[in-house]
Amino acid sequence: MSGFAIEVVGLKKKFGKQVVLDGVDLKVPTGYVYALLGPNGAGKTTLINILSTLVTADEGNVRVAGYDVRSEANEVKRSISLTGQFAAVDEILTAEENLNMIGRLCGLTSEQSAMRTADLLEHFNLVDAAKKQVKTYSGGMRRRLDLAISLVVNRPVLFLDEPTTGLDTTSRRALWEVILELKKQGITIFLTTQYLEEADQLADRIAVITGGRIVATGTAEELKSQVGGEVIELRNAKDDVIRTIPTTGSIQDIRFTLNELASKVPQDTKISLRKPSMDDVFLALTTNKTNNLEESIS
Ligand SMILES: Nc1ncnc2c1ncn2[C@@H]1O[C@H](COP(=O)(O)OP(=O)(O)O)[C@@H](O)[C@H]1O
Ligand SMILES: [Mg+2]
């Protein structure tokens, strides 16, 4: 392998006339947790589907674990795990039986499979439900089982498409822990998310995607520094944030901005300064920034 678990060059994909991926380039170093952050409809699932050989690209070069997704699809499949991969969770079986079955199908011994199963049931808070048929499970329990199933066998590259969507806080934390454990074992993890906090907390690198294009890449810190120094936050008398305005962080810029604002906001408006959050980054990158100040004070 070249040091990159995933390499994408000039990737394009249309569905009918709709351009869904419009020239995507990205490189994921081996062993990284890489987050693809973007709003609904940005093209995240399509990209994951192409990386995992489920959908073919129209144009571009895509390599996963060193293999070409088009000409070496079988090698790619053997190198990856994917959530939802075993969509046919057996409803009649229990969670424990499902996990064990996958373990055995993937070549684990019965001891290995039993150990892995117990571990995953514990991690995803399914111990109490372990011996109940899946058909009795709630949506959240199914989601957790689906994730557990994708983790039965460790492959070099793990794809997680919005893994924590619909999970409660506890399961979300548990999944983050699992992800960091897998990273320690050298597994490359490529996940998509709409949650800025998640990308911020977990990822070594983040790519922001919107409208089928990567609009920024970097660490959370790098992305935050791109949007500037300090954010001015305005609050009303009830202490609700009514407006946030990015500034360069220089005294001149902050003074200029405050002067502009002074005549335009109610007298009891309070101001504070804070560092940019991933939310600010996201907003700045995914909306056309014509004139932030004009927009935010108009
Ligand atoms: N199989 C498909 N056929 C037609 N359009 C699709 C198909 N899959 C996705 N799309 C469209 O492509 C766009 C990107 O979808 P998707 O990759 O699912 O985005 P995301 O996962 O970021 O929400 C959406 O507008 C979606 O409607
Ligand atoms: Mg999606």
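The following legends describe close-up views of a predicted model.

Residues are numbered from 1 along each chain as written, while chains are lettered from A and ligands numbered from 1 in the order of writing. In this predicted model, local features need pLDDT of at least 70 and side-chain atom pairs count only at pLDDT 80 or more, whereas totals for chains, interfaces and linings use all residues.

**Figure 1. Overview of the protein and its two domains, domain 1 (4-223) and domain 2 (227-297).** The domain bounds come from an automatic or database domain assignment. The C-alpha trace spans about 70 × 45 × 35 Å along its principal axes, and the C-alpha centres of domain 1 and domain 2 lie 36 Å apart. The protein has 11 helices and 13 strands; these are DSSP runs numbered from the N terminus, helices being H or I of at least four residues and strands E of at least two. Of the 298 residues, 36% count as buried. A residue is buried if 20 or more other C-beta atoms lie within 10 Å of its own, exposed if 12 or fewer, and partly exposed in between, with C-beta atoms placed from the backbone.

**Figure 2. The side of domain 1 that touches domain 2.** Here 11 residues of domain 1 are in contact with six residues of domain 2, contact requiring that the C-beta atoms, placed from the backbone, lie within 7 Å. Two or more residues are given to this side of domain 1 by each of α7 (196-202), β9 (205-210), β10 (213-218) and α8 (220-226). The largest share, four residues, belongs to α7. By class, this side of domain 1 consists of eight nonpolar, one polar and two charged residues. Nonpolar covers Ala, Val, Leu, Ile, Met, Phe, Trp, Tyr, Cys and Pro; charged covers Asp, Glu, Lys and Arg; the others, Gly among them, are polar.

**Figure 3. The surroundings of ligand 1.** The residues around ligand 1 are F15, V20, G38, N40, G41, A42, G43, K44, T45 and T46; a residue is near a molecule if its C-beta atom, placed from the backbone, lies within 6 Å of it. Helix α1 (residues 44-51) supplies the largest share of this shell, three residues. The shell holds three nonpolar, six polar and one charged residues.

**Figure 4. The open sheet of β2, β1, β4 and β5.** The four strands follow the order β2-β1-β4-β5 with antiparallel pairing, where two strands pair if DSSP finds at least two bridges between them. Because β2 (18-29) and β5 (67-68) stand at the edges with a single partner strand each, one side of each is left without a neighbour in the sheet. Strand β1 (residues 4-15) pairs with β2 over nine bridges, and E7 has K27 of β2 as its bridge partner.

**Figure 5. L51 in the largest nonpolar core.** A nonpolar core is a set of buried Ala, Val, Leu, Ile, Met, Phe, Trp, Tyr and Cys residues joined through C-beta atoms within 7 Å. Among the 67 residues of this core, L51 and V64 touch the most other members. The core draws at least three residues from each of domain 1 and domain 2. Beyond its neighbours within four places in sequence, L51 contacts I6, V62, V64, V69, F159 and F190.

**Figure 6. Helix α3 (residues 95-105) and its cover.** Buried in this helix are A95, N98, L99, N100, I102 and G103. Their cover includes α4 (110-123) and α5 (139-150). Just after α3, G107 adopts a positive phi of about 95°.

Key: Two residues are in contact if their C-beta atoms, placed from the backbone, lie within 7 Å.
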